[in-house]
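Biologist: Could you walk me through this one slowly, starting with the terms you use?

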Amino acid sequence: MCGIIGCNGVEGAASAITQGLERLEYRGYDSAGIAIIDNKKIRYEKKKGRISVLIKALKTQSDFVGSIGIGHTRWATHGKPSDENAHPHISGKFAVVHNGIIENYRQLKEKYLKLVSLKSDTDTEIIVQLLNRLYSGNCLETLSNTAKLLEGSFAIAVLCEDEPDTLYCVRKSSPLLIGVGNGVYAASDLSAINDRIHTLYRMNDGEIAVISKTEAEFYTFDKKKIVKNPEEFEKAESNCGKENYEHYMLKEIYEQPAAVQKTVDAYLENNKFRLDFELNKPERIYIVACGSAYHAGLAGKRIFEELLKIPVIVQVASEFRYSNPLINENTPTIIISQSGETADSLAALREAKSRGAKTLSIVNVRHSSIAAESDYVLLTRAGQETAVATTKAYSAQLAALYMLGIYFAEKFGTADSKTTEKLKSQLETLHTAILSALDCEMQIKELAQQLQSAEHIYFIGRGLGYAAACEGSLKLKEISYIHCEAYAAGEMKHGTISLIEKGTNVIAADTEPKLSPKLQSNIDEVVARGARVTAITSQGKIKADSVIKTPAVNELFAVSTQIVPLQLLSYHIARLRGCDIDKPRNLAKSVTVE
Ligand code: M6R
């Protein structure tokens with residue numbers, strides 16, 4: 001949520017910053033801005049709209065030169081998207097960009113800035129106004145005093161005209177990485193600077209970075225110097241563009257077989273796991289996540305309970321963190337997150353740790369906060385995911401959960417070896433079934449034509465089919481803006497079936513053969529009330545208006561194949577409706593605020 005970038009000692013800083021912003025745009029895209037110091041003066045430009053609008057505006061300004069600067073792409077929290085609310089915010093000799101939320105901005109305004117008339121409706125402006133108000137002539141001291149007053153989450157990059165050769169950054173609870181290469185860079189995530197740096201540092205909470213043209217020094221908020229070791233990192237994959245696909249989402253749907261194969265291959269070879277988690281059989285396990293990652297967790301619960309025979313509680317992170325969860329040192333907690341930066345999931349991880357639980361994260365981004373703070377990490381290998389609607393990262397999360405379920409079943413001795421050996425060999429070839437599932441695209445395109453004008457679509461399923469229904473429903477609503485709801489099929493008759501009338505569209509996910517007759521009854525119930533039903537199934541038995549066949553796999557893995565037609569359906573419906581598929585309205589890929 002919001003992306004920030006800064007650089008120092010970089011020839012043509014403005015173009016390095018706008019290039020970085022284009023890579024960070026998935027984090028928020030309602031406005032963007034840039035500030036540089038040119039000849040000891042701050043120059044800035046900020047615009048409502050996409051980065052392309054900012055770049056166009058910059059082209060009309062010939063003298064935007066300088067080797068130090070900061071940039072921002074915004075997802076509005078306080079104040080509507082507008083030129084005034086876009087970052088950077090400027091006051092006196094300072095320019096600031098910020099990712100996060102300053103929770104006590106009203107109190108700070110009241111206490112320190114009563115007489116200041118603000119130019120924007122943002123919480124961020126309070127930071128720059130405070131810097132100006134508290135400025136002692138020493139930037140580090142002023143930043144340290146200001147940072148100590150701020151409550152909430154913040155990653156901040158600051159320019160000061162009095163120190164035109166120094167870039168300052170501050171971090172608390174919002175991600176910030178510093179990289180050294182030809183010049184020194186700061187960014188919300190590695191993708192923005194990966195190809196420009198050879199050395200990477202991860203800022204931790206409560207740290208200030210003082211960045212010269214060639215190096216970075218780190219301090220605590222109390223100005224005590226910190227010695228920091230660089231992090232290992234992999235250079236960017238070369239295939240980060242859209243290639244011949246019209247949208248990133250479609251490309252990423254097609255990258256799922258590879259994402260799953262790479263994730264499985266990283267930890268399972270010749271039917272042996274390369275996993276080493278020191279856990280004894282617990283009384284129960286928590287799985288905590290948000291959005292699609294939570295839906296992966298729903299599937300994980302079903303699989304873990306089947307294989308481990310212990311209760312698994314799946315909770316959305318925003319609820320978990322305030323729910324006084326019943327966990328202690330014997331309750332391992334699994335956090336699932338593509339970005340590894342989701343604020344609620346990170347807070348949940350910290351909550352679990354503070355209660356003594358061992359934490360295990362399934363994350364896709366190696367240098368993320370969740371990966372750094374977890375006791376154990378299972379890194380999914382989906383590669384960079386750019387479309388806001390997750391597809392390949394979700395599929396890689398499912399694969400990770402299958403592995404963990406089988407691994408723990410072996411470790412705790414809760415499933416016989418014949419079962420686990422069979423599951424492992426089926427898992428090693430799951431990617432081929434996902435590849436075959438992609439063959440349904442032509443049929444899905446036809447279905448999308450029929451459904452494109454629907455006002456409501458209901459997704460139903462039982463067991464793992466319910467987990468698939470939840471994810472299918474979220475996918476479609478987030479990119480097509482059609483109202484969708486997912487229901488456990490048997491629950492419809494307890495209220496929601498009253499919404500079914502002639503022509504209502506229902507999509508049913510049939511994953512577990514033993515539940516198929518029950519699902520068929522639920523399908524028949526909605527058909528009797530006029531619904532038009534599409535069933536996704538690997539068997540030939542379900543009767544519905546249309547049936548999409550998926551390849552047969554072990555029923556525990558069926559979400560992985562059944563989600564493919566649901567993702568493609570969302571994509572094609574959204575395309576027919578002319579939606580902005582990769583950047584849906586009101587959303588951002590990385591949700592780093594509460
Ligand atoms: O990065 P995370 O996996 O923690 O993100 C969690 C959710 O914000 C994310 O899955 C979201 O629901 C997706 N946009 C859904 O496609």
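Modeller: To sort residues by class, Ala, Val, Leu, Ile, Met, Phe, Trp, Tyr, Cys and Pro count as nonpolar, Asp, Glu, Lys and Arg as charged, and the others, Gly among them, as polar. This is a predicted model, where local features need pLDDT of at least 70, side-chain atom pairs count only at pLDDT 80 or more, and totals for chains, interfaces and linings use all residues. Residues are numbered from 1 along each chain as its sequence is written, and side-chain values use heavy atoms, with hydrogens and water left out.

Biologist: OK, what classes of residue make up the shell around the ligand?

Modeller: That shell has six nonpolar, seven polar and two charged residues.

Biologist: And which ones come nearest?

Modeller: Of the 15 residues around the ligand, the nearest are Ser337, Gln338, Ser339, Thr342 and Glu478, where a residue is near if one of its heavy atoms lies within 4 Å of the molecule.

Biologist: Which polar side-chain atoms lie by an oxygen atom of the ligand?

Modeller: Counting pairs of N or O atoms within 3.5 Å as polar contacts, a polar side-chain atom of Thr342 lies 2.4 Å from a ligand oxygen, and one of Lys475 lies 2.8 Å from a ligand oxygen. Thr390 instead brings a backbone N or O atom, 2.9 Å from an oxygen atom of the ligand.

Biologist: Switching topic, where is there a cis peptide bond?

Modeller: It joins His87 and Pro88, with omega at about 5 degrees. Most peptide bonds are trans, and most residues other than glycine have a negative phi.

Biologist: Which residue has a positive phi although it is not a glycine?

Modeller: That is Lys223, whose phi is about 70 degrees.

Note on methods. A polar contact is a pair of N or O atoms within 3.5 Å; within protein, one must be able to donate a hydrogen and the other to accept it, and residues adjacent in sequence count only if both atoms are side-chain atoms.
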